[in-house]
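Hi everyone, thanks for coming. Let me put today's chain on the screen and walk you through it.

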Amino acid sequence: IMRSDSLREAIQKAEAELGENGRVLIRPSGTEPLIRVMAEADTQDLAESVVKTLVEAVENVQKILKK
């Protein structure tokens, strides 16, 4: 999942949206079978929006890989 081009594109778009006032972190969990998605932004609404978009991107890659 982490090597997916579509996920990389989604991360780049999120980082561009946040600019220098925020950041994203997406990584596999070290203790659970899941991907952790985190964002920091100027506002909670923006952080939640970015996280939602990135979670959807991860879920879409997962669906493709399961086929």
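This is a predicted model: local features need pLDDT of at least 70, side-chain atom pairs count only at pLDDT 80 or more; totals for chains, interfaces and linings use all residues.

Residues are numbered from 1 along each chain as its sequence is written, and side-chain values use heavy atoms, with hydrogens and water left out.

So, the fold. The chain has 2 helices and 2 strands, and along the sequence they follow the pattern α-β-β-α. Helices here are DSSP runs of H or I with at least four residues, strands are runs of E with at least two, and both are numbered from the N terminus.

What are the overall dimensions? The C-alpha trace spans about 35 × 25 × 15 Å along its principal axes.

Of the 67 residues, 24% count as buried. For the cut-offs, buried means under 20% relative accessible area, exposed means over 50%, and partly exposed is in between, with a 1.4 Å probe and protein chains only. The chain exposes about 5100 Å², and carbon and sulfur atoms supply 48% of that area. Those areas come from the Shrake-Rupley method with a 1.4 Å probe; for residues, only the protein chains shown count as cover.

Now the helix pair. Two packed helices are described by the angle between their axes and the distance between the axes. Helix 1, residues 5-18, and helix 2, residues 44-66, have axes that come within 9 Å and cross at roughly 175°. That makes helix 1 roughly antiparallel to helix 2. The axes are lines fitted to C-alpha atoms over the stretch in contact, with angles from 0 to 180 degrees between N-to-C directions. Under 35 degrees counts as roughly parallel, over 145 as roughly antiparallel, 65 to 115 as roughly perpendicular, and the rest as oblique.

Which residues meet there? From helix 1 we have Ser6, Leu7, Ala10, Ile11, Ala14, Glu17 and Leu18, and from helix 2 Leu46, Val50, Leu54, Ala57, Val58 and Val61. Contact means heavy atoms within 4.5 Å. These residues divide into 11 nonpolar, 1 polar and 1 charged. Ala, Val, Leu, Ile, Met, Phe, Trp, Tyr, Cys and Pro count as nonpolar, Asp, Glu, Lys and Arg as charged, and the others, Gly among them, as polar.

Finally, some single residues. Is Ile64 buried or exposed? Ile64, in helix 2, is exposed, with a relative accessible area of 58%.

Arg23 sits in strand 1, residues 23-28, and is exposed too, at 54% relative accessibility. Leaving aside neighbours within four places in sequence, Arg23 is in contact with Leu18, Met38, Ala39 and Glu40.

Thr43, in the loop between strand 2 (35-40) and helix 2, is partly exposed at 43%. Glu32, in the loop between strand 1 and strand 2, is partly exposed at 39%.
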